[in-house]
Amino acid sequence: MAKSCCLATCQAPIQAFLRPAIWVPGIRNLHLATETWEMSDCTIEAAMDAVIQGVENIADEENLRVRQDDRNHHYLKIWSFTATCNWLDIVEIRFTAVSESVTHAEARSYSSGLFPACCPLAFIFNCLFFWVPFSGNGFNIHRLEAIRKAISGINVNVIQHGPTCC
């Protein structure tokens, strides 16, 4: 389970709902990473299960926590608190069945705000300063790569890289 301070854990649901760091196109690309994965020889349910198992395998190492597992809409939301200051980063993965044995997963990882979730009233300050550009320091790119590499039992190929509009 992800390590985070009590204040970060309490404020994280509000911060994750608001996501002020991705409000402005262009600026959000500084701290947004996206990949489209092709997962072959599996159903959409098997692909979701494999991703969840992969996240659980690296949860402590990468500080990850599955927060939403929506099987009806084929959607996963994963929270990650950075190790030092508890910035909240969010990974969203949407699954689409291309055929009975091929699934595409659109994965994106982004920073939720300029201020770490451990700061009192961080979600308010993040909303006030949504327009300030900041770097994700490569954490979001690394996070998607770590999740992809942790998936076992399914062949996963990246078919598209790069930030995209939300």
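**Reading a predicted model: helix packing and burial**

Trainee: How many helices and strands are there in the protein?

Mentor: The protein has 4 helices and 6 strands, where helices (H or I, at least four residues) and strands (E, at least two) are DSSP runs numbered from the N terminus. This is a predicted model, in which local features need pLDDT of at least 70, side-chain atom pairs count only at pLDDT 80 or more, and totals for chains, interfaces and linings use all residues. Residues are numbered from 1 along each chain as its sequence is written, and side-chain values use heavy atoms, with hydrogens and water left out.

Trainee: Why are α2 and α4 called oblique to each other?

Mentor: Helix α2 (residues 44–62) and helix α4 (residues 139–150) pack at an angle of about 125 degrees, with their axes 8 Å apart. Angles under 35 degrees count as roughly parallel, over 145 as roughly antiparallel, 65 to 115 as roughly perpendicular and the rest as oblique. The two helices, α2 and α4, are therefore oblique.

Trainee: Which residues of α2 and α4 meet?

Mentor: Val-51, Gly-54, Val-55, Asn-57, Ile-58 and Glu-62 in α2 meet His-142, Ala-146, Ile-147 and Ala-150 in α4; contact means heavy atoms within 4.5 Å. By class, this contact of α2 with α4 has 6 nonpolar, 3 polar and 1 charged residues. Here Ala, Val, Leu, Ile, Met, Phe, Trp, Tyr, Cys and Pro count as nonpolar, Asp, Glu, Lys and Arg as charged, and the others, Gly among them, as polar.

Trainee: Is His-142 buried, partly exposed or exposed, and what makes it so?

Mentor: His-142 lies in helix α4 and has a relative accessible area of 41%. Buried means under 20% relative accessible area, exposed over 50%, and partly exposed in between (1.4 Å probe, protein chains only). His-142 is therefore partly exposed.

Trainee: Why does Thr-82 count as buried?

Mentor: The relative accessible area of Thr-82 is 10%, so Thr-82 is buried. Thr-82 is found in the loop between β3 (75–81) and β4 (88–97). Leaving aside residues up to four places away in sequence, Thr-82 touches Asn-63, Trp-87 and Asp-89. Of the 166 residues of the protein, 48% count as buried.

Trainee: How do you know that the radius of gyration agrees with that of a compact globule?

Mentor: The radius is taken over C-alpha atoms, and the globule rule is 2.2 Å times the number of residues to the power 0.38. With 166 residues, a compact globule would have a radius of gyration near 15 Å; the protein has 16 Å, which agrees.

Definitions and conventions: Axes are lines fitted to C-alpha atoms, for helices over the stretch in contact, and angles run from 0 to 180 degrees between N-to-C directions.
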